Amino acid sequence: MIVDYTTLEREPLIATLAGLERDLFGRGSWTSTMIRQELDAPARTYLIDIVSDSDIDHSTAAQPGTLPIRGYAGYWYDGDDAEIMTIGVARPYQGQGIATRLMGGLIGRARTQGARRILLEVRVDNEPALALYRHQGFTTLGRRKHYYQPDNVDAYTMALDLTPHIAGFALSSDDATGGMRHDP
């Protein structure tokens with residue numbers, strides 16, 4: 001079940017996201033303080049895929065003080081572009097379409113807010129993420145050397161245009177009739 005992050009208890013959310021970050025991103029993960037600062041920053045949209053009560057496997061339920069989160073994703077909207085800040089899916093739930101649903105939700109919200117495009121950076125060696133973004137329609141803009149630290153890994157910059165681009169000239173109704181009125 002995908003929900004807006006503002007509907008969840010804040011401290012358990014931060015604790016859970018910090019644990020997922022450590023597991024998924026290792027030395028490059030965001031700390032609890034960084035997550036708190038990110039969620040406090042203006043113009044942020046975050047979606048959380050949380051296990052619904054009917055789907056909870058009580059043998060692997062969330063630890064006290066955490067939430068049963070399968071995945072999370074968010075962006076910063078600057079009034080023109082939406083910049084994906086992070087996306088992650090807990091290891092037991094990877095390959096089940098959760099990232100696709102989260103990205104679809106973010107794309108829909110960015111369109112609703114009026115974003116012109118969505119931008120992101122992705123590790124050049126993250127094949128599952130690259131496949132997800134390409135499937136969603138993102139194209140590669142360029143490469144940032146040594147972007148991901150402390151691992152010193154390059155990143156691709158990618159974009160998804162949300163507004164149509166018109167090539168050439170559009171015909172007005174007068175152009176279509178040669179500028180002449182045809183009165184009955």
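In this predicted model, helices H1 and H2 cross in a right-handed manner, a crossing being right-handed if the near helix is turned clockwise from the far one by less than a right angle, and left-handed if anticlockwise. The axes of H1 and H2 (residues 32-40) come within 9 Å and cross at roughly 125°, where axes are lines fitted to C-alpha atoms over the stretch in contact and angles run from 0 to 180 degrees between N-to-C directions. H1 is therefore oblique to H2, since angles under 35 degrees count as roughly parallel, over 145 as roughly antiparallel, 65 to 115 as roughly perpendicular and the rest as oblique. Helices (H or I, at least four residues) and strands (E, at least two) are DSSP runs numbered from the N terminus.

In the contact between these helices (heavy atoms within 4.5 Å), residues of H1 including Leu13, Ile14 and Leu17 meet residues of H2, among them Ile35 and Leu39.

The largest pocket is lined by 36 residues, of which Phe25, Ile87, Asn126, Ala129 and Tyr133 are the closest to its centre. Strand S4 gives the most to this lining, with seven residues, and H1 (10-25) is one of the elements that supply at least two.

Residues are numbered from 1 along each chain as its sequence is written. Because the model is predicted, local features need pLDDT of at least 70 and side-chain atom pairs count only at pLDDT 80 or more, whereas totals for chains, interfaces and linings use all residues, and side-chain values use heavy atoms, with hydrogens and water left out.

Terms used:
On a 1 Å grid over the protein atoms alone, a cavity is a set of points where a 1.4 Å probe fits but cannot get out, and a pocket is an open set with protein on both sides within 12 Å along at least five of seven lines; lining residues have an atom within 4 Å of a point.
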